[in-house]
Amino acid sequence: MAGLLRRVAASAAPVGYLSIFFSILTSPAHAASPEINTADTAWMIVATALVLMMTIPGLALFYSGMVRKKNVLATMAQSLAAVTLISILWVAFGYSLCFVGDGPWLGTLDRWFLAGMTMDSVNPAAKTIPEALFMLYQMTFAIITVALVAGSVADRMRFSAYLLFSVAWFIFVYIPLAHWVWGGGFLNSMGVLDFAGGLVVHLSAGTGGLVAAKVMGRRHGYGTENLSPFDLSLAVMGTGLLWVGWFGFNGGSAGAANSRAVMAIIATHLAACSGALTWGAIEWSTRRKPSVLGMISGAVAGLGTITPASGFVAPWHGIVIGIAAGVICYWACTWLKHRFNYDDSLDVFGVHGIGGLTGTLLAGVFATSAIGGTAGLIEGHPQQLLIQLYGVAVTFVWSAGVSFVLLKLVGLFVPLRVSREHELEGLDISQHGEALQ
């Protein structure tokens, strides 16, 4: 009898061990515990550095190469100021209001000055990397969005007014939009697709820039004097840095070192290529010569337009979206700009605003469920296009309305625009006491 019991126990042991092992694997505590992945962490550190590079030196060079010599340093100072100001505000309360809590309108202040953040904590939006890294990555998006707006009012905005407006715009425009779209807000709940910032970054900055350009008025000599760029070689170098940085911008928005990040990077690169070729081809056919300014504008238009769709579409869609960017953004920077007679100095609205709008809508057309988990119009889900249109309308109205109010409020404290004498002298001297020799 004892031998029989031993044989039964021995035969049951493997089954018992398997059941214990299975219960451990399927226990709720195990399933809920986040696990930081070293490969994902390494990639996101690189992506963070790439996106920061987009502002300094990328955007600083891109913008300063397209203004006149007397305003080069002042234009660079605006990008540098955005980095320093927004970084501190993001740590103080920006990150918490955007990405902590899932209220429909705003997050919470639970992470005020990163309170409670540990080395092992994670954010639900990025469960395989440290929360501190997710916070830092999203900081770089806030930085470049604020810096983009400055291009619309280059050559004429007072530096003190720029600082005040940047702080206010970050608080009242960027933070709500980032939460609505990415942080669990009402647009996110509706299913609006914005992989890396078509709404949150490009349309919001472009719209804010357009309103600022209208409120401040045109530059002295606009339409009558030569306002051609000082050094397009700087702008070309800036374009290259932006282009490479965009791999971190869009690829990093996957939040992990995975195939979706690779698909987003390929679509991004192809969109930039087709955007540059399309813009250059249009100029070649209408003006007999493809300009360098036109080709880099087309590349940036392609990059901005693919941004919201990059993690939802197939690589070949990037070519189609880039072509659309080249055509539509060229139209916005020429016919539309002249028709409404506004002086958007560096075409922030025409390239980024219209590009972000176009890309957001095309995400609703080309979204592929096998890549992003959401089907678009082509795959038989036309409702997605309507959802995207709603997201565009909300972003445009909010950014335009709030930007107008903020500009008027800032104007009560300091003049928005430099004097005529200082504008003619140049902002490098008048605002910073320095100049290129």
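**Helices, salt bridges and enclosed space**

Reader: How do you know that the span of H13 agrees with its number of residues?

Author: H13 has 19 residues, which at 1.5 Å a residue should span 27 Å, and its end C-alpha atoms are 25 Å apart, so the two values agree. The expected span is 1.5 Å times one less than the number of residues. Helices here are DSSP runs (H or I, at least four residues; strands are E, at least two), numbered from the N terminus. This is a predicted model, in which local features need pLDDT of at least 70 and side-chain atom pairs count only at pLDDT 80 or more, while totals for chains, interfaces and linings use all residues. Residues are numbered from 1 along each chain as its sequence is written, and side-chain values use heavy atoms, with hydrogens and water left out.

Reader: What makes H13 mostly covered?

Author: Of its 19 residues, 17 are buried. Buried means under 20% relative accessible area, exposed means over 50%, and partly exposed lies in between (1.4 Å probe, protein chains only).

Reader: Why is the contact of Glu131 with Arg111 called a salt bridge?

Author: The term requires a side-chain nitrogen of Lys or Arg within 4 Å of a carboxyl oxygen of Asp or Glu. The closest N and O atoms of Glu131 and Arg111 are 3.0 Å apart, so the pair meets the definition. Glu131 belongs to helix H5 (residues 131-149) and Arg111 to the loop between helix H4 (72-99) and H5, so the bridge ties together parts that are 20 residues apart in sequence.

Reader: Why do Glu131 and Arg111 count as buried?

Author: Glu131 has 3% relative accessibility and therefore counts as buried. Arg111, at 17%, counts as buried too.

Reader: How do you know that Asp343 and Arg219 form a salt bridge?

Author: Their closest N and O atoms are 2.8 Å apart. Asp343 sits in the loop between helix H12 (315-340) and helix H13 (348-366), and Arg219 in the loop between helix H8 (198-216) and helix H9 (232-251), so this bridge ties together parts that are 124 residues apart in sequence. Asp343 and Arg219 are both buried. They also belong to a network of salt bridges that links Arg68, Asp155, Arg156, Arg219 and Asp343.

Reader: How many salt bridges does the structure hold, and which side chain meets that of Arg417 in one?

Author: There are 8 salt bridges. Arg417 pairs with Glu423 at 3.1 Å, N to O, and both residues are buried.

Reader: What makes a space a pocket rather than a cavity?

Author: Both are found on a 1 Å grid over the protein atoms alone. A cavity is a set of points where a 1.4 Å probe fits but cannot get out, whereas a pocket is an open set with protein on both sides within 12 Å along at least five of seven lines. Lining residues have an atom within 4 Å of a point. Points are joined across faces, edges and corners, and a volume is the space filled by probe spheres set on the points.

Reader: What lines the largest pocket?

Author: The largest pocket holds about 690 Å³ of space. Its lining has 30 residues, of which Leu293, Cys333, Lys337, Ser345 and Asp347 are the closest to the centre. H12 contributes the largest share of this lining, 5 residues.

Reader: How is the lining of the largest pocket divided by class?

Author: There are 14 nonpolar, 9 polar and 7 charged residues. Ala, Val, Leu, Ile, Met, Phe, Trp, Tyr, Cys and Pro count as nonpolar, Asp, Glu, Lys and Arg as charged, and the others, Gly among them, as polar.

Reader: Which residues are the closest to the centre of the second largest pocket?

Author: This pocket holds about 520 Å³. Among its 23 lining residues, the closest to the centre are Ala125, Trp182, Asp194, Phe195 and Ser253. H5 and helix H6 (159-182) are the elements that give two or more residues to this lining, and H5 gives the most, 4 residues.

Reader: How many cavities are there, and what lines the largest cavity?

Author: The structure has 3 cavities of 30 Å³ or more. The largest has about 70 Å³ of space, and its lining includes Val146, Met157, Phe165 and Trp169. By class, that lining has 9 nonpolar residues, 1 polar and no charged ones. H6 supplies the largest share, 4 residues.
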